[in-house]
Structures are given as structure tokens and as C-alpha cells.
Amino acid sequence: MRRLAAVWLVLALLLAFFPAALADDDYTGMLAQDHDAYGMVIGGTLNMRAEPSASAKLVKSYPAGSWFRIIGGRPERDYYFVAAGDGRNGYVLTKYVLYCDNYALTNGKFVYPISATVAGPSNYVNLRTGPKSTASVITRVNNGSSVSITLYGDVYSKVTTSGGKTGYMSTGLLRMFDQIVWEERLVVSPNKGKVNLRGGPVNTAPILGSYAADTPLIVLVRGIGWHKVIVKGKVGYMMAPFVSIVD
């Protein structure tokens, strides 16, 4: 009787183990988070396939700048399982998708700390005791140095250097790791109405805020139809026609 009980125990453990092992090979649902994640095609045209294999059936090809909602997968694996804006689902190579969700939730609030790189017009940027240009300089931080943003501000952000010093730096001289560009632009509204900032590059994504024409913003990532931006300290997505273009 004890031997039979032991056999059943082993079977139960195996059944508990194998679904977990199979789930690891399943690209759906592997992003353990409570909000939508998005990615953008980079490096040219990207093929979406029916299975996570280069020999699988081609679903469709998407040009650089196209947006996907990432349903499953991890950046360190070969493929994401994604949903495109045209309603198609499939698998795309992770190395050609810029994962755009490392510091923003769908409510638009930052997830701290934010990794950033110093990029001033000279060879360094001043770390100051306060969020203003007249504050005392704590030290000079060389361009290319990594810092952690612990509080984002439109003009100055609170940061901690790799050496452990904390102070304030000009936000415009810091580069966040997932961005392609850092452009200061304005909200454009042809009908003078307010423009929505959304939690994703789709019209069904939650509205994070609405902003009048000429509101300053920073473009982090430029894509087809939508840009990832920062407006008044909130990170989100805004339709490209409502963001001022480069002169």
C-alpha cells in the first residue's frame, strides 16, 4: 500500500512539473506584468511568422517603425509573440524589435530607477545640489557615464551617479536607454482641441492625459503613426500627426 502511495506521489509530482516545463516553451503569457507592453520594428522590414521558426509560414512583413503589442516572450529569447495593429498575431525575432516598456506603465508613471547616460554639449554635465542652474555644483560627470534617475522632472531630474553621489542634472542632457531620439517638440492641434496621450500606440489604449496645442513634449521613439513621448512628466504614446515635425 505504501509502495502504491509512493507511485501516485511521483506521478503527481511529474504532472505538476511537466506543465511548467511546457509553459516555458510556450511564448504566450511569459511577460509577468499587469499592463500591456509594446515594441517597434527596427533595422528594416520584419517578417511575422505563424510559429517561432524562420521556416514557419509567413504571416506578413512589417516595415521599420511599425508597432506591436507584445503578448509573450522575453527580450533574451529568439522570438516575441505579438499582435499587430491590423489584427494579425504571430512571432517576430526579438533582435529586430525595440522593447519600449522598460520604464513606463499604462498609467504613464515612471518605474524608478531609470537607467540613463550623460550626454552634454561639452565633455561633462554638472551634478547640482538643487533643480536649478544657480544651485551649487557637486561634481562634473563625464559624457557617456551611467546614472540612475530617481525622480524625473521636465527641466531637472534627480539622479545618482555610479559613484553614489546624488543631485540634479538637466533632463535634456540625459539619454534613456530605450530611446531612438530625444527631440523637443510641441503638441499640434489643427482644430485647437486637446490631444490625447495614451498608454499604447493604439486608439483603444487608456488615455493618460489630454494636452492643448503648443504644450512642450519630448519624443523618445518615432514610429509609424505614433510616437513615444514624455509630456509633463508622463510617458505615453501620441499620434504622429499631432506632434510637431522636424524643421
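Residues are numbered from 1 along each chain as its sequence is written, and side-chain values use heavy atoms, with hydrogens and water left out. Because the model is predicted, local features need pLDDT of at least 70 and side-chain atom pairs count only at pLDDT 80 or more, whereas totals for chains, interfaces and linings use all residues.

Two salt bridges are present in the structure (a salt bridge being a side-chain nitrogen of Lys or Arg within 4 Å of a carboxyl oxygen of Asp or Glu). In one of them, Lys 60 is bonded to Asp 86, with 3.1 Å between the closest N and O atoms. This pair links distant parts of the chain, 26 residues apart: Lys 60 lies in strand β3 (residues 58–62), and Asp 86 lies in the loop between β5 (79–84) and β6 (89–93). Strands here are DSSP runs of E, at least two residues long, numbered from the N terminus. Asp 86 also forms a salt bridge with Arg 88, where the closest N and O atoms are 3.0 Å apart.

Lys 60 is partly exposed because its relative accessible area is 32%. Asp 86, at 36%, counts as partly exposed, and Arg 88 is likewise partly exposed, at 37%.

Met 40 belongs to strand β1 (residues 37–41). Its relative accessibility is 2%, so Met 40 counts as buried. The C-alpha atom of Met 40 is separated by 8.3 Å from that of Tyr 96, although the two residues are 56 apart along the chain.

Strands β19 (residues 226–231) and β20 (residues 234–239) pair in the antiparallel sense over six bridges; pairing requires that DSSP finds at least two bridges between two strands. Within this pairing, His 227 has Met 238 of β20 as its bridge partner. The hairpin of β19 and β20 has two residues between the strands, and Lys 232 in this hairpin takes a positive phi near 50°.

A positive phi, of about 75°, also occurs at Asp 214, which is not a glycine. Asp 214 is placed in the loop between β17 (207–211) and β18 (216–222). With a relative accessible area of 56%, Asp 214 is exposed.

Definitions and conventions
Helices (H or I, at least four residues) and strands (E, at least two) are DSSP runs, numbered from the N terminus. Buried means under 20% relative accessible area, exposed over 50%, partly exposed in between (1.4 Å probe, protein chains only).
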